[in-house]
Amino acid sequence: MGNLVRGAVAFIPSDRCERFLVGDLKEMPHDCNLDLSSRYLRRFPLRVCAFTDLVKLYLSNNHLNSLPPELHNLEKLQILALDFNCFVELPLVVCSLRQLNILYIGNNQLYKLPNELAQLRGLKTLWLDNNCLTKLPSVVCKLSDLRTLHLGYNQFRSLPGELARLKELRSIWLSGNVLNKFPPVLLEMHGLEVIDVDRNHIQYFPPLIHLTGLKKIIYDHNPCVNAPLVGEGVQRVGRWADNPNDGDDEAERQTVEGSIEEKTTEVSIEEKTAEVSTEVREQLPENE
């Protein structure tokens with residue numbers, strides 16, 4: 001009954017009804033942390049903008065679809081949670097919060113991101129899961145300090161090559177998309193420690209043994225014909241994951257390593273042949 005009342009009160013635009021939902025909000029929280037999650041909010045409480053020392057603000061699981069310009073007063077904000085709301089576009093005022101290092105905007109209805117997001121140069125963790133994205137917004141590739149990127153349950157069929165610019169990225173989560181092959185750009189990202197491509201449409205996994213920083217690969221629920229070949233100590237989660245890298249995997253590993261040695265040998269032979277050919281040509285008479 002209480003939840004029904006709160007849900008009904010949320011539709012009434014009055015200060016009294018707002019206090020009923022969030023309390024008086026007269027004083028800045030002592031720990032600089034304000035949690036207004038699951039309050040049935042349809043409008044952002046403007047009184048929060050007076051808490052200029054706020055570091056963490058949680059607005060998850062409400063009915064918000066906009067934020068006021070006054071939010072830029074929260075210059076010290078480091079964590080902002082807007083997940084499980086009704087945002088179709090990310091409010092531009094969020095991009096003015098230069099101290100943000102964690103941004104939760106999953107479980108909304110986003111289909112694009114503003115270019116102004118690049119202003120959040122210190123952002124380290126970005127949650128974009130469960131939205132309406134069909135391709136990765138290029139602005140994400142400009143967040144050079146990003147370490148964790150959650151992109152699960154969108155509609156990605158591929159990833160752009162520009163993603164390789166994120167040299168600090170350590171984990172990428174792509175479960176529940178529509179990838180029909182392992183994204184080639186990930187093969188270039190040697191700093192990755194965790195790759196999650198669970199619940200996609202990937203049929204074949206290329207060798208990942210050259211990704212020396214990799215610690216975990218999650219590839220379950222794909223129609224794959226092989227398990228990814230990984231380095232020693234890397235955890236695999238998916239079909240055939242219980243089998244250690246022996247048997248067929250070991251044979252494949254030796255084949256890969258053998259191919260590398262073969263190519264190296266071929267190059268050496270070609271170089272030596274070229275040197276001999278040069279010497280022979282120098283010894284031949286000019287008229288020949």
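**Reading salt bridges and exposure**

User: Glu193 is partly exposed, with a relative accessible area of 25%. What does "partly exposed" mean here?

Analyst: Buried means under 20% relative accessible area and exposed over 50%, with partly exposed in between (1.4 Å probe, protein chains only). This is a predicted model, where local features need pLDDT of at least 70 and side-chain atom pairs count only at pLDDT 80 or more, while totals for chains, interfaces and linings use all residues. Residues are numbered from 1 along each chain as its sequence is written, and side-chain values use heavy atoms, leaving out hydrogens and water.

User: Which residue does Glu193 meet in a salt bridge?

Analyst: A salt bridge puts a side-chain nitrogen of Lys or Arg within 4 Å of a carboxyl oxygen of Asp or Glu. Glu193 pairs this way with Lys215, at 3.9 Å from N to O. The two belong to distant parts of the chain, 22 residues apart: Glu193 sits in the loop between strand 7 (171-173) and strand 8 (194-196), and Lys215 in the loop between strand 8 and strand 9 (216-218). Strands here are DSSP runs of E, at least two residues, numbered from the N terminus. Lys215 counts as exposed, at 51%.

User: How many salt bridges does the structure hold?

Analyst: There are five. Among them, Glu89 joins Lys112, with the closest N and O atoms 3.7 Å apart. Glu89 is in the loop between strand 3 (79-81) and strand 4 (102-104) and Lys112 in the loop between strand 4 and strand 5 (125-127), so this pair ties together parts 23 residues apart in sequence. Glu89 is partly exposed at 40%, and Lys112 is partly exposed at 41%.

User: Is Asp198, which bridges to Arg199, buried or exposed?

Analyst: Asp198 is buried, at 13%, whereas Arg199 is partly exposed at 40%. Their side chains meet at 3.8 Å, N to O.

Technical notes. Helices (H or I, at least four residues) and strands (E, at least two) are DSSP runs, numbered from the N terminus.
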